[in-house]
Amino acid sequence: MRSPRRCSRNGCPRQAVATLTYVYNESTAVVGPLAAFAEPHTYDLCEPHARSLTAPRGWDVVRHEGEFEPPPPTTDDLVALAEAVREAARPAPRPPEPDQNRPESPHQTGRRGHLRVIPPNH
């Protein structure tokens, strides 16, 4: 299952709920709801870092005024979770039982999966 995106700030383990984008030609930092996909020139932030962000002198900060909430799980997340639960619930395969009618001989030809034992020539 896909893990939730984490805050981009060094050492911050919290889940990201906002995306920071810089608009360089307008000297503006924009903090909005978490983008659907992580982009190379944006930064994911947790709520405390999104609310406390400051911009360099001469820059403006445009900040989302609503609540920052974690994104709901996607269908992919739910399908992956269901498959993991199904896999964990499957019984372990039983080892094959030895064949009582066949004598064990070191020179006997046999099969094991896709491999075949070929006896040496005397």
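**Strand pairing, cysteines and selected residues**

Strand 1 and strand 3 (residues 42-45) run antiparallel and are joined by four bridges. Two strands pair if DSSP finds at least two bridges between them, and DSSP runs, numbered from the N terminus, give the strands (E, at least two residues) and helices (H or I, at least four residues). The model is predicted, so local features need pLDDT of at least 70 and side-chain atom pairs count only at pLDDT 80 or more, while totals for chains, interfaces and linings use all residues. Residues are numbered from 1 along each chain as its sequence is written, and side-chain values use heavy atoms, with hydrogens and water left out.

User: Which residue in strand 3 is the bridge partner of Thr21?

Analyst: Strand 1 and strand 3 are antiparallel and share four bridges. In strand 3, Thr21 has as its bridge partner Thr42.

User: How many bridges join strand 1 to strand 2?

Analyst: Strand 1 covers residues 18-23 and strand 2 covers residues 28-33, and the two run antiparallel. Leu20 stands opposite Val31 in strand 2. The two strands form a hairpin with four residues between them. The number of bridges joining them is six.

User: What is the phi of Ser27, in the loop between strand 1 and strand 2?

Analyst: Ser27 is partly exposed at 26% relative accessibility, where buried means under 20% relative accessible area, exposed over 50% and partly exposed in between (1.4 Å probe, protein chains only). Most residues other than glycine have a negative phi. Ser27 is a residue other than glycine with a positive phi, near 50°.

User: How many disulfides does the model contain?

Analyst: A disulfide is a pair of cysteine sulfur atoms within 2.5 Å. The sulfur of Cys7 has its closest cysteine sulfur in Cys46, at 3.8 Å, so this pair is too far for a bond. For Cys12, the closest cysteine sulfur is also in Cys46, and at 3.7 Å it too is too far for a bond. The count of disulfides is therefore, by the rule of 2.5 Å, zero.

User: Is Cys12 buried or exposed?

Analyst: The relative accessible area of Cys12 is 12%. This value is under 20%, so Cys12 is buried.

User: Which residues does Glu47 touch, not counting residues up to four places away in sequence?

Analyst: Glu47 is found in helix 1 (residues 47-52) and is partly exposed at 31% relative accessibility. With contact meaning heavy atoms within 4.5 Å, Glu47 touches Val17, Glu67 and Phe68.
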